[in-house]
Amino acid sequence: MWDRRARFALLAVVALAACGGSEIPTPVPTSVTPASGSAATSTPIVIHGTGFSVLTVQPSSGGAPTVDETFQAWVGDRALENVRRVDDGTLSATVPAGLA
């Protein structure tokens, strides 16, 4: 099982980025489910919170804007895998094996 420190680190240190400017709200993770998992295997998780917004990017050369839904999340210095935005309040990700 993840130790207690790792679980709290996940909530306290999850850093999320959507390549944004000041109009993008700051992501605020509030909970993670499941709250623990095995260090021996990768564990899919769901991160709940607020501000998981997307960024609309207007090319400087003109043309149609694009939507950037790229998110990253970490536990300490370990990057989570397969981070995906579900909606403004939910991300899904995978904690890699070996995190203890």
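**View 1. Glu69, Arg85 and Asp88 are tied together in a network of salt bridges.** A salt bridge here means a side-chain nitrogen of Lys or Arg within 4 Å of a carboxyl oxygen of Asp or Glu. This is a predicted model, so local features need pLDDT of at least 70 and side-chain atom pairs count only at pLDDT 80 or more, while totals for chains, interfaces and linings use all residues. Residues are numbered from 1 along each chain as its sequence is written, and side-chain values use heavy atoms, with hydrogens and water left out. The structure holds two salt bridges. In one, glutamate 69 meets arginine 85 at 3.7 Å, N to O. That pair links distant parts of the chain, 16 residues apart: glutamate 69 sits in the loop between strand 4 (66-68) and strand 5, and arginine 85 in strand 7. Strands (E, at least two residues) are DSSP runs, numbered from the N terminus. Aspartate 88 also pairs with arginine 85, at 2.4 Å, N to O. Why can such pairs form? Side chains of opposite charge can pair when their charged atoms come close.

**View 2. How open are the residues of the network?** For these labels, buried means under 20% relative accessible area, exposed means over 50%, and partly exposed is in between (1.4 Å probe, protein chains only). Glutamate 69 has a relative accessible area of 43%, so it is partly exposed. Arginine 85 comes in at 23%, so it is partly exposed. Aspartate 88 is at 44% and therefore counts as partly exposed.

**View 3. Strand 7 (residues 81-87) and strand 8 (residues 90-95) run antiparallel, joined by four bridges.** Two strands pair if DSSP finds at least two bridges between them. A hairpin takes the chain from strand 7 to strand 8 through two residues. Look for aspartate 87, which stands opposite threonine 90 in strand 8. Back in strand 7 you'll find asparagine 82, which has a positive phi of about 50° although it isn't a glycine.

**View 4. Strand 2 has antiparallel partners to meet.** It pairs with strand 8 over six bridges, in the antiparallel sense, and isoleucine 45 has alanine 93 in strand 8 as its bridge partner. Strand 1 (residues 28-33) joins strand 2 through five bridges, again antiparallel, with valine 28 opposite threonine 50. In the loop between strand 1 and strand 2 lies proline 34.

**View 5. Strand 2 shows a covered face and an uncovered one.** Thr43, Ile45, Ile47 and Gly49 make up the covered face, while Pro44, Val46, His48 and Thr50 make up the uncovered one. In a regular strand the side chains alternate between the two faces of the sheet.

**View 6. The largest nonpolar core has 13 residues.** A nonpolar core is a set of buried Ala, Val, Leu, Ile, Met, Phe, Trp, Tyr and Cys residues joined through side-chain atoms within 4.5 Å. Ile45, Ile47, Leu80, Val83 and Leu91 touch the most other members.

**View 7. Threonine 94 sits in strand 8.** Its relative accessibility is 14%, so threonine 94 counts as buried. Leaving aside neighbours within four places in sequence, threonine 94 is in contact (heavy atoms within 4.5 Å) with Ser42, Thr43, Pro44, Leu80, Glu81 and Asn82.
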